[in-house]
Amino acid sequence: MKDRTISITHPVESVLFGPYQFHAHSLMQMSYSSMWSWGQHCLHVSFPSMIKDYAQAVVAVGAEVEYLEPFEVFDADEFSITVERFHVRQANSVFDMLHTITAAGINIARVSVRWKLVVLDGDDALSATSGVVREALLQQFLPSEINPSRVKRPLPEKLEIIELQGVILTSFEHPFTLYRHRCEVADQWAFNELPTLGAESRESLIDALENDPHELCSSLGYPLKTITMEWRCPFYLLDKGVVTTTAYKHIDALVFVHKIYNITRANTLAAIVIEEF
């Protein structure tokens with residue numbers, strides 16, 4: 001039996017785009033929305049019903065955005081996002097998602113996200129602990145959509161290669177506070193905001209340069225190729241953080257590695273973002 005898929009069409013709007021391509025946070029937000037559209041269509045489970053009926057939720061632990069073909073705001077009137085894969089993985093503890101964005105019959109981007117299942121404690125803050133899919137919910141998935149094997153984590157291997165083989169060009173620190181516009185309903189960071197923190201730090205680095213011998217400003221004039229991300233611990237409302245950004249030349253690519261630390265919570269490494277141009 002084939003996996004179930006759905007496709008949702010959206011109008012092209014300027015707020016979804018930067019000068020050269022979709023904003024990464026726009027693609028990630030639409031992937032989140034389409035995940036719940038798939039859940040409602042295929043499982044008859046919405047985000048509110050998963051909270052109220054199953055006392056479960058999900059938190060992002062890893063994601064990749066791949067830009068496959070050039071696509072700018074005036075290239076089409078509409079585009080579609082398709083849920084290609086919604087699998088239960090890793091001993092029923094992770095949702096593994098793949099979303100493809102198409103326009104005019106061309107695949108222009110791909111978003112992959114891994115979501116860790118959590119069990120809610122029942123308080124108003126939506127406090128939770130790691131868990132697995134409840135049996136009543138698991139039974140609604142097709143056998144082909146359940147895979148007990150571990151999910152792959154592209155970031156650690158990619159980071160190791162870049163740090164071992166890449167040439168460091170410069171580094172920078174970008175402090176920030178997690179205000180509510182970057183939070184979701186439980187007053188912790190919204191997953192689609194992670195690439196914006198990396199981009200903010202990169203652009204702040206470039207803005208602070210007195211000269212630019214490595215042509216880092218070229219990242220402002222070219223589209224991104226890929227963004228690779230991992231979340232490692234929470235960030236809550238008004239937590240203080242810092243993004244440490246290191247620019248590398250790796251083979252023929254310009255790469256920015258952003259490590260996000262939660263200063264409020266013992267300077268813990270909370271997330272990593274790798275941007276490749």
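Student: Does Glu 145 count as buried or exposed?
Tutor: Glu 145 counts as buried, at 0% relative accessibility. Buried means under 20% relative accessible area, exposed means over 50%, and partly exposed lies in between, with a 1.4 Å probe and protein chains only. Please note that this is a predicted model, in which local features need pLDDT of at least 70 and side-chain atom pairs count only at pLDDT 80 or more, while totals for chains, interfaces and linings use all residues. Residues are numbered from 1 along each chain as its sequence is written, and side-chain values use heavy atoms, with hydrogens and water left out.

Student: Which side chain meets Glu 145 in a salt bridge?
Tutor: That of Arg 4, at 2.7 Å from N to O. A salt bridge here is a side-chain nitrogen of Lys or Arg within 4 Å of a carboxyl oxygen of Asp or Glu.

Student: And what does that pair tie together?
Tutor: Arg 4 lies in the segment before strand 1 (6-11) and Glu 145 in the loop between helix 3 (135-138) and strand 7 (146-147), so the pair ties together parts that are 141 residues apart in sequence. Helices (H or I, at least four residues) and strands (E, at least two) are DSSP runs, numbered from the N terminus.

Student: How many salt bridges are found in the whole structure?
Tutor: The search finds 14. Among them is the pair of Arg 182 and Glu 200, at 2.4 Å from N to O. Arg 182 lies in the loop between strand 8 (167-177) and helix 5, and Glu 200 in helix 5, so this contact ties together parts 18 residues apart in sequence. Arg 182 counts as buried at 7% relative accessibility, whereas Glu 200 counts as partly exposed at 31%.

Student: Pockets next. What volume does the largest pocket have?
Tutor: About 770 Å³. On a 1 Å grid over the protein atoms alone, a pocket is an open set of points with protein on both sides within 12 Å along at least five of seven lines, and lining residues have an atom within 4 Å of a point. The volume is the space filled by probe spheres set on the points, which are joined across faces, edges and corners.

Student: Which residues are closest to the centre of the largest pocket?
Tutor: Of the 34 residues that line the largest pocket, Val 58, Val 59, Glu 184, Gln 188 and Trp 189 are the closest to its centre. Strand 2 gives the largest share of the lining, five residues. By class, the lining has 24 nonpolar, seven polar and three charged residues; Ala, Val, Leu, Ile, Met, Phe, Trp, Tyr, Cys and Pro count as nonpolar, Asp, Glu, Lys and Arg as charged, and the others, Gly among them, as polar.

Note on methods:
On a 1 Å grid over the protein atoms alone, a cavity is a set of points where a 1.4 Å probe fits but cannot get out, and a pocket is an open set with protein on both sides within 12 Å along at least five of seven lines; lining residues have an atom within 4 Å of a point.
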